[in-house]
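Please read them with the structure open beside you.

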Amino acid sequence: MRCYGFTPIQGSDSRLFHLPTTRLINIPNSNSRFSFSHSSFFTSKLVSATCMPPVSLRTTARAAVNDGLMTEEAAAASGLSFYELLGIPESGSLVDIKQAYKQLARKYHPDVSPPGRAEEYTKRFIRVQEAYEILSDPGRRALYDRDLAKGLHLAFSARRQYQSNEGMEERGEWKNRWQAQLSGLKRRSMNKDADGNLSWGARMRRQRDELANEL
Amino acid sequence: MALSAFSFPAHVNWATASDAQKSSSFSSHFLTWGGTNLLCPSQHKLNQVRKRSGGACASLSEMGDYHSQRPTTPLLDTINYPIHMKNLSIKELKQLADEIRSDVIFNVSKTGGHLGSSLGVVELTVALHYVFNAPQDKILWDVGHQSYPHKILTGRRDKMHTIRQTNGLSGFTKRSESEFDCFGTGHSSTTISAGLGMAVGRDLKGRKNNVVAVIGDGAMTAGQAYEAMNNAGYLDSDMIVILNDNKQVSLPTATLDGPIPPVGALSSALSRLQSNRPLRELREVAKGVAKQIGGPMHELAAKVDEYARGMISGSGSTLFEELGLYYIGPVDGHNIDDLTAILKEVKSTKTTGPVLIHVVTEKGRGYPYAEKAADKYHGVAKFDPATGKQFKAKALTQSYTTYFAEALIAEAEVDKDIVAIHAAMGGGTGMNLFLRRFPTRCFDVGIAEQHAVTFAAGLACEGLKPFCAIYSSFMQRAYDQVVHDVDLQKLPVRFAMDRAGLVGADGPTHCGSFDVTFMACLPNMVVMAPSDEAELFHMVATAAAIDDRPSCFRYPRGNGIGVQLPPGNKGIPIEVGKGKTLIEGERVALLGYGTAVQSCLAAASLVQSHGLRLTVADARFCKPLDRALIRSLAKSHEVLITVEEGSIGGFGSHVAQFMALDGLLDGKLKWRPLVLPDRYIDHGSPADQLAEAGLTPSHIAATVFNILGQTREALEIMS
């Protein structure tokens, strides 16, 4: 499903987020029934949205709030950046990240979770693991920091955005680009050695062509 | 490791939907806890479902077996020279690339060498040789360590098992080895310059071949590349520069703790070039406009397109455009369709001027262990292909490089002004160890030795104590900076020259034979060399203490001899200009410099059985010389032999100069120098090279006997 203007990669539609949302709107009481019809688009629920047309985002947002459940999206959307999740400052070094990850992974691993809370712990574990994955790769971390600075907390479902290898789509873009460049080269070469071009190479080429013509 | 077994198939069919697989193998690396194997189940299924469609298989079979026997390469077996490739289809070219890949892995596993870089350019090499007609068309490989596929395709496949060994193939391109190697490389960033020279030469001679220079993004950080591009843009001669971008700028692009982003602003510019998504729409608009204008209005359309490209392509390509090279890219460097299409187009265009094709590759591609390794298996010893484990010989002592790093760390603990500078060689110079301990005091400047030296000079002006860790051979590049910026102004910069003397498999391109000569002739420089690792610790301390003039010291490749190290790795500064006598003897004195002293000691024990007791002295300093020591040796012996692993004009010459001026040669003394011969010693094992150079203990002993007139004993020792 390729929406125009949206990328096919799930949840990674940065286009949606180009509008200046700085901080997430805090939902004071998730049990109350808010009506989001007027300022719907840019609620905190936006963060966890997958690639959907605008309407269903709104619906999801309203639905999630109206249910009043602490869903996973709500938890993720309540402002936990990867750094807060791991409990390290934003300038944390790789060693800090590793340590925090190991600690939390040990704590939240499903095998050692207290009975009855396995599912919650598993979800946390997955988030911790995702945080580590992105923060430990400097390239992806840089991308994440950039988005964080813009005020976007793209959580779980957006993990694909940060993959350095963004798949076939980018390669397809590259192809278009270099095809255009090649045609530009061809066009340019038609006029390149016009008499006005006085570069050494042009002069030598003209000379060579003249010699070839004479023969 | 069960997890990685599933990731092999991805790299067999990487042309098709491999990216999903690749991302999963990437993340499986982080699944240190077996718990949530989210991605493994799907991998497993894909593994079972996919079958290789007909035809002979490359040996990277579905299950990722790597053989210890030679892999089967039916298509590659039919190709000896590029001309045999011309009739292949694109599909067969892909198969050929697979086969070459497995051949490279097999060969390097048996001999050791540079693996990651060669794997990254397999498709590029195949595409280049398919489209162009070497050797008429010139293909230049910068540094040359990625030329293994090139050598396989150009008639040297049967000799690949001898690569980097004595009398075997060189590990870099070499003109005397084959006509397909058009330019000898080894140091980086030279191919654009050489390529431009070849293009201009072709123009002057009226020929019509193509010139292609392949250069990496690491090599692009060196100034010479810009000098060449600047000139190329100006001269406007037809040539193609291929920028092989794999985001690996330093060696290795990893600290001891994990990957680091490449140094330098250029790399981020290149990355920006690769990911230009937000500007996609603008591009579409521009294309639409150009289409509408189109038709006969070539020039206007071209202008619109160029303007649009300039706006969209970001600052990176504009850099190359400003230098006068037409930028094309980025291009997927592992896609043979794309590569051949582009190269064919560019080749067929009549007048192009200089063109730069930005190709994006992955170092170590196709061998999962290399892809996952932090250093991408840049340079490896012999290894087992199935497990990726290298066979590193167990040594009792560590390398001089490690000892130097530890010594510098110990000095830097007490003196916070000590900083370290290196040029993209964090692993090779041991500065990664220093970086880990003092992250803010270690500077990697990229492949820019000239800048490194002047940068150090600037640091010294501000009262810091810079240690430049640069290989002896790479210091050649920075010579003017050493003379003019450091020595002339008497700035206290310390030069730690690793890989001094003969270096083994890398050969003459990396051989540090000249550093004693070119350092010791400078008026203000203190020049010293340790004879073993304990001396190295003391000399690092001495260099740290010399604060009023520049100093340098040299140490070889290889491991220490096993002497006691100073406590806490902290050396004690030696008195400058003081050597020491190790063995007191009579008649013949051996005055060694650097690790040649060990050969002298060995020679002394060889002649002992013949009743001769030699004096062996360690000069330690070439500048200032220990004059008292030399005088006493000259006066009490008949023969003085100076031994060093350096060229003529070095330590021996300085001793001779002093003795001549002091009148010591006017009497009965015989002085003989033992230096590296006046020719380049080819690559090989260190022992072979030393024998070829004539500096083994046996050679020294034979020299002693020859001078004493005991030629029988000399012959005896040598056989």
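1. Strand β10 (residues 418-422) of chain B runs parallel to β11(B), and three bridges join the two. In this pairing, which belongs to a predicted model, B:I421 has B:F443 as its bridge partner in β11(B).

2. These strands belong to an open sheet of seven strands with mixed pairing, ordered β11-β10-β12-β13-β15-β14-β19 in chain B. Its edges are β11 (442-444) and β19 (621-623) of chain B, each of which pairs on one side only, and the twist from one strand to the next averages 20 degrees.

3. Helix α18 (residues 449-461) of chain B packs on the sheet, where it touches β10, β11, β12 (465-471) and β13 (494-500) of chain B, and its direction makes about 165 degrees with that of β12(B). Helix α22 (residues 533-545) of chain B also packs on the sheet, touching β10, β12, β13, β14 (526-528) and β15 (551-556) of chain B, with its direction at about 160 degrees to that of β15(B).

4. Turning to helix pairs, α8 (residues 191-205) and α9 (residues 223-235) of chain B pack at an angle of about 25 degrees with their axes 8 Å apart, which makes α8(B) roughly parallel to α9(B). Their contact has eight nonpolar, three polar and no charged residues.

5. The axes of α24 (residues 627-636) and α25 (residues 651-662) of chain B come within 11 Å and cross at roughly 70 degrees, so the two helices are roughly perpendicular to each other. The contact of α24(B) with α25(B) has five nonpolar, no polar and three charged residues.

Definitions and conventions
Residues numbered from 1 in each chain as written. Chains lettered and ligands numbered in written order. Predicted model: local features only at pLDDT ≥ 70, side-chain atom pairs only at ≥ 80, totals over all residues. Heavy atoms only, no water. Axes fitted to C-alpha atoms, helices over the stretch in contact; angles between N-to-C directions. Helix = DSSP H or I, 4+ residues; strand = E, 2+ residues; numbered from the N terminus. Parallel < 35°, antiparallel > 145°, perpendicular 65-115°, else oblique. Nonpolar A, V, L, I, M, F, W, Y, C, P; charged D, E, K, R; others polar. Pairing = 2+ DSSP bridges. Contact = heavy atoms within 4.5 Å.
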